[in-house]
Amino acid sequence: MTETPDPSTILVVDDAPESLDLLKQVLSPDYKVRVAISGEAALKVARQTPPDIILLDVMMPGIDGYEVCRRLKAEDTFKHVPVIFITAKDEVEDEEKGFSVGAVDYITKPISPPLVKARIATHLALHHQRRELEEARIRAEEGSRAKAEFLAMMSHEIRTPLGGILGMVRLLMETPLDRQQSEFLQTVHYSGEALLTIVNDLLDFSKIDAGKFTIESIPFDLHQTLESVVSLMGSRAHEKGLKLNLTIGAGVPICVTGDPLRLRQVLLNLVGNGVKFTQEGSVSVSVAAVPGHGDANRLRFTISDTGIGIEAGAVAAGLFHDFNQLNRTISRRFGGTGLGLAICKRLVALMGGDIDVISQVGVGSSFWFEMALPPATGAVHSPIGDLPAPTSGPLRILLAEDNLVNQKVANAILSRRGHAVTTVSDGAAAVAAVTEGGFDVVLMDVHMPVLDGLEATRRIRRLAVPQSGIPIVALTANAFEEDHQRCLEAGMNDFVSKPINPLLLVAVLGRLIPAA
């Protein structure tokens, strides 16, 4: 049996008893009616039990209707409660004053009962719709937060064991191996990297979809960024017997302003696709200045291959759409999530650019994108991942990490480079160890028992000098930008994402403690 909803509550405010009696008689059959005979009484009654709508006389002794409305609208409880003024005045300036203090409508005396009931019904319907929309918005925000928290948790839970696998494989590959063992480990490492790429694609897509993806605008060396992409993908191309070429046009500046990491991500994705879908021939990367854009430095990046090509229908159907792949046969043959190009399109759009493709089946494809990269005006940023391994050391390193596999991986990476490593398993132990002194740097896991890495860092920063100034590097499996930002806000100097890249870790240490 369906329950009948409770009737809406109306607060009627008027210092004339006859007006109160009339309105109560007209409205009582359909609504709960409460009354007040003054502005002071209206404020008291409204705050005791907030109504769904207020009928408010303008001219009253003491506090008039305008002031009552102004005071109510200043409180969060009444911001969206409709107020209809009842007045004998019908001058335009009076109506303007009423609307300026928050009223939604005016009813003039003498009152027409059908008109009053119609106006109330209309504004109550709008009020209920607004309330439903607000509740829906709150639910959506809560759902978005829950989704973000789930993704952050899954990021940590997936990347942590994956980091252990890749870390151990890297370490094992540095030991004496016969040819077959080396091939087996290379296959395991390649498969782990492929899995990590899938995880990162899903996380990146989710971050962009949730509006949590930020684009930087910093000076960087464009030529170095391009060369690092070709260098990184060169070994994969070489394994397939492909040539990987880079051409930088004469008008392309060296130092520009933009987001080098996101530009690099787009290039790596497109070059990676070129290598994946090309069995013989070459993959070419080129960048050229687009004429007619003056100092805007609008550049066109082109990644061409001699691969399988793409049917025109597939491009028209939405090659850059989410989860889209050409067909199931290609998906089974080459793998992938179908998110790579969708992520590229969204990243390029976030950077103010356009992306498209020209392709012919059996001949190859040419993906291109354009964006404005203004001239650099400050110190040039060099992505940490592109830095050569520094020669700093040996260092006395405190490693705060509760995962035994991660402890072994980090210990092995650092010990093989001559560093002395002391390991603790929670944030409280890390604070105690730093207090005693004797360390050059702390590698701090973020998620630990007893005391997490963020709080441990805050407490270290409150210690006396020199302990409070020790460099702290976050080790985190969380892939969200806000997680990295929280690390910096807590007082950490830098962060290294898990799975730990040995060159990246060593490069960060070298940057924080040069010539140590």
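A salt bridge here is a side-chain nitrogen of Lys or Arg within 4 Å of a carboxyl oxygen of Asp or Glu. By that rule the count comes to 21 salt bridges. Before you click anything: this is a predicted model, where local features need pLDDT of at least 70, side-chain atom pairs count only at pLDDT 80 or more, and totals for chains, interfaces and linings use all residues. Residues are numbered from 1 along each chain as its sequence is written, and side-chain values use heavy atoms, with hydrogens and water left out.

**The whole chain**

Colour by secondary structure to begin. The chain has 16 helices and 17 strands; helices (H or I, at least four residues) and strands (E, at least two) are DSSP runs, numbered from the N terminus. Of the 516 residues, 45% are buried. Buried means under 20% relative accessible area, exposed over 50%, and partly exposed in between (1.4 Å probe, protein chains only). Contact means heavy atoms within 4.5 Å, and among the contacts with a separation of 6 or more, 68% come from residues 24 or more positions apart. The chain exposes about 25700 Å², with carbon and sulfur atoms supplying 55% of it; accessible areas come from the Shrake-Rupley method with a 1.4 Å probe, and for residues only the protein chains shown count as cover.

Side chains of opposite charge can pair when their charged atoms come close. Select Arg47 and Glu75, whose side chains meet in a salt bridge at 2.6 Å, N to O. This pair links distant parts of the chain: Arg47 sits in helix H2 (residues 39-48) and Glu75 in the loop between H3 and strand E4 (83-87), 28 residues apart. Arg47 is partly exposed, with a relative accessible area of 44%, and Glu75 counts as partly exposed at 25%.

Jump to Arg298 and Glu370, which form a salt bridge at 3.2 Å, N to O. Arg298 lies in strand E10 (residues 298-305) and Glu370 in strand E12, so the pair ties together parts that are 72 residues apart in sequence. Are these two buried or exposed? Both Arg298 and Glu370 are buried.

Next, pick Arg458 and Glu455, another salt bridge, with the closest N and O atoms 3.1 Å apart. Arg458 and Glu455 are 3 residues apart in helix H14 (residues 453-461), so about one helical turn separates them. Arg458 counts as partly exposed at 35% relative accessibility, and Glu455 does too at 22%.

**Stop two: Ser365**

Go back to strand E12 (residues 364-372) and select Ser365. Ser365 counts as buried because its relative accessibility is 6%. Its side chain makes a polar contact of 2.7 Å with the side chain of Ser359. (A polar contact is a pair of N or O atoms within 3.5 Å; within protein, one must be able to donate a hydrogen and the other to accept it, and residues adjacent in sequence count only if both atoms are side-chain atoms.) Leaving aside neighbours within four places in sequence, Ser365 touches residues including Ile303, Ser304, Gly309 and Val357. Ser365 and Asp305 are 60 residues apart in sequence, yet 5.5 Å apart in space, C-alpha to C-alpha.

**Stop three: Asp259**

The Asp259 side chain does reach the backbone nitrogen of Arg262, at 3.1 Å. You'll find Asp259 in the loop between strand E8 (255-258) and helix H8 (260-276).

**Stop four: helix H11**

Select residues 340-350 for H11, where the buried residues are Gly340, Leu341, Ala342, Ile343, Cys344, Leu347 and Val348. Just after H11, Gly352 takes a positive phi of about 80 degrees.

His189, in helix H6, counts as buried at 18% relative accessibility. Leaving aside neighbours within four places in sequence, His189 is in contact with Leu166, Val169, Arg170 and Met173. Finish on Leu177, in the loop between helix H5 (113-173) and helix H6 (179-209).
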